[in-house]
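My entries follow in the order in which I checked things.

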Amino acid sequence: MALETGVFARFHDALGAALSGADSTLTPADRDAIAVAARICGETSTPVAVRSAAAGSSVTAPSGGLLISLDKLNAVEVR
C-alpha cells in the first residue's frame with residue numbers, strides 16, 4: 001500500500017524529486033532531507049523503514065509508509 005495522497009503531497013512539497021511515489025521510497029541527498037522526512041512521518045503517524053546499502057534491496061516500505069534509502073549518502077551519524 002502506497003502513501004495516502006495527502007501524506008505523499010506533504011513529502012513531495014517538502015522534498016520534491018527525492019521521493020518516488022511508485023514505491024514510497026525517499027532517497028535523500030543529505031541529512032536535512034532525512035530530518036524533514038522524520039518530522040513529517042511523526043506528524044502524520046506514517047510508518048517508516050530505513051534501508052542502507054549493507055541491508056540490500058530486500059527492505060521495503062511498510063504498508064502505508066515510507067522507505068528511506070540511504071544509498072546516496074556516504075555516512076550517517078545518529079545522535
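I began with Leu 26, which I find standing opposite Ile 68 in β4. Strand β2 (residues 25-26) and β4 pair in the parallel sense over 2 bridges, where I take two strands to pair if DSSP finds at least two bridges between them. The helices (H or I, at least four residues) and strands (E, at least two) I cite are DSSP runs, numbered from the N terminus.

I note that this is a predicted model, in which local features need pLDDT of at least 70 and side-chain atom pairs count only at pLDDT 80 or more, while totals for chains, interfaces and linings use all residues. Residues are numbered from 1 along each chain as its sequence is written, and side-chain values use heavy atoms, with hydrogens and water left out.

Next I looked at strand β3 (residues 48-51), which runs parallel to β4 and is joined to β4 by 4 bridges; here Val 48 stands opposite Leu 66. Within β4 (residues 66-69), I see Leu 66 and Ile 68 pointing one way and Leu 67 and Ser 69 the other, and all of them are buried, that is, under 20% relative accessible area, against over 50% for exposed and partly exposed in between (1.4 Å probe, protein chains only).

I then turned to Thr 46, in the loop between α2 (31-44) and β3. Is Thr 46 buried or exposed? I record Thr 46 as buried, because its relative accessibility is 9%. Leaving aside neighbours within four places in sequence, Thr 46 is in contact (heavy atoms within 4.5 Å) with Leu 3, Val 7, Cys 41, Gly 64, Gly 65 and Leu 66. The side chain of Thr 46 also makes a polar contact with the side chain of Thr 44, at 2.6 Å; such a contact is a pair of N or O atoms within 3.5 Å, and within protein one must be able to donate a hydrogen and the other to accept it, with residues adjacent in sequence counting only if both atoms are side-chain atoms.

In the segment after β4 I looked up Leu 73, which is buried at a relative accessible area of 17%. Not counting residues up to four places away in sequence, Leu 73 touches Pro 28, Ala 29, Asp 30 and Ile 34. Leu 73 and Pro 28 are 45 residues apart in sequence, yet 7.7 Å apart in space, C-alpha to C-alpha.

Last, I noted the chain as a whole: the elements run α-β-β-α-β-β from the N terminus on, and buried residues make up 30% of the 79 residues.
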